[in-house]
Amino acid sequence: DGGSDQIPLSGVRDIRGLPDGRVVFGNLGSREVLVYDSLGRLDRRLGGAGDGPGDLRGMGGLFPCAGEMMLVSQGYSLDLFHVEDGFVRRHSAQGESRPVVRAVTADCRRILTEGERRSPPLGEHGYLRQALIWSDTAFAVLDTVAIDSIPGAWTRLHPDGSVQVVRLPPWWVEFPLVVRDTLLIRGSSARPELRWHLPDGRVQRIVRWGQAPAPVTASDRRLYDGGRWLGEVEMPERFALHVVAGGRVLGVAKDSLDVETVRAYRILR
């Protein structure tokens with residue numbers, strides 16, 4: 001409850017909870033990074049719409065790193081902000097590339113981007129190849145972590161000339177991943193495993209579920225079909241959960257007019 005400090009929110013993204021209880025998130029409507037204290041009072045407004053130093057044209061993602069630093073991805077550039085002191089510097093991509101940033105290392109020096117997808121020939125079934133690439137903050141490629149080739153894709157040509165993948169296997173989803181310092185841990189929806197990748201892309205460790213699946217019994221089917229109550233977690237209506245951190249859940253609530261507010265709820269155990 002920020003009282004008079006509340007400002008209109010539209011397109012809230014990447015809510016982050018800081019160790020001291022502050023909440024940071026991006027507001028696409030105003031092209032700002034907003035910082036609120038632990039009581040919900042507005043503490044800082046970073047960025048703003050524009051093209052100058054410290055201004056934001058868009059907001060592709062918000063990535064905390066190095067304590068109170070924030071990297072803001074906006075298409076062709078990365079803007080570095082300090083939560084207390086504001087804008088620090090801008091890193092611009094070279095050429096016409098527009099990398100999609102997936103993660104940032106803890107020291108703010110490396111970014112993990114998605115490489116350009118390699119699709120099957122037009123109108124044919126084949127493999128969709130996807131890669132994750134380590135780059136520096138100027139988008140210069142350092143190392144590539146190759147991601148599995150996914151079979152069963154099919155492509156077509158858009159009226160604007162772009163290629164669209166229109167069919168993927170039913171089990172395929174985006175690859176889940178997390179970065180710890182410079183270590184990349186990623187999962188795969190195709191196999192029950194996690195892989196630890198070193199900064200140079202080498203696989204350090206694979207954790208795989210190796211047990212044979214237990215046979216499904218008639219009792220299992222009855223439980224699955226009828227459902228079995230295990231416990232209850234009540235969430236407010238029209239509340240979209242973004243992150244769980246520090247004993248709180250943080251997310252976006254919408255009223256009957258779809259006006260957005262960012263809310264934090266304490267978890268009661």
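This is a predicted model: local features need pLDDT of at least 70, side-chain atom pairs count only at pLDDT 80 or more; totals for chains, interfaces and linings use all residues.

Trainee: Great. In what order do the strands of the four-stranded open sheet come?
Mentor: The order is S1-S2-S3-S4, and the pairing is antiparallel.

Trainee: And which strands stand at the edges there?
Mentor: Those are S1, residues 12-17, and S4, residues 42-47. Each has a single partner strand, so one side of each has no neighbour in the sheet. From one strand to the next, the twist averages 20°.

Trainee: How many bridges join S1 to S2?
Mentor: Four, with S2 covering residues 23-27 and the two strands running antiparallel. If you want a pair to look at in the viewer, take Arg16, whose bridge partner in S2 is Val24.

Trainee: Let's jump along the chain. What is the strand order in the three-stranded open sheet?
Mentor: That sheet goes S18-S19-S20, and its pairing is antiparallel.

Trainee: Over how many bridges do S19 and S20 pair?
Mentor: Seven, in the antiparallel sense, with S19 spanning residues 248-254. Within that sheet, Lys254 stands opposite Glu260 in S20.

Trainee: Let's take Arg22, then. Is it buried or exposed?
Mentor: Arg22 counts as buried, because its relative accessibility is 7% and the cut-off for buried is under 20%.

Trainee: How far apart are the closest N and O atoms in its salt bridge with Asp43?
Mentor: They are 3.5 Å apart. Arg22 sits in the loop between S1 and S2 while Asp43 belongs to strand S4, so this pair ties together parts 21 residues apart in sequence. Asp43 itself counts as partly exposed, at 29% relative accessibility.

Trainee: And what about the pair with Glu68, what's the N to O distance there?
Mentor: For Arg22 and Glu68, the closest N and O atoms are 2.7 Å apart. This pair links distant parts of the chain, as Glu68 lies in the loop between S5 (61-65) and S6 (69-73), 46 residues from Arg22. With 28% relative accessibility, Glu68 is partly exposed.

Trainee: Where does Glu84 lie, and how many residues separate it from Arg22?
Mentor: The side chains of Arg22 and Glu84 meet in a salt bridge at 2.7 Å, N to O. Glu84 is in the loop between S7 (77-82) and S8 (86-92), so the pair ties together parts that are 62 residues apart in sequence. The relative accessible area of Glu84 is 31%, so Glu84 is partly exposed.

Terms used
Residues are numbered from 1 along each chain as its sequence is written. Side-chain values use heavy atoms; hydrogens and water are left out. Two strands pair if DSSP finds at least two bridges between them. Axes are lines fitted to C-alpha atoms, for helices over the stretch in contact, and angles run from 0 to 180 degrees between N-to-C directions. A salt bridge is a side-chain nitrogen of Lys or Arg within 4 Å of a carboxyl oxygen of Asp or Glu. Buried means under 20% relative accessible area, exposed over 50%, partly exposed in between (1.4 Å probe, protein chains only).
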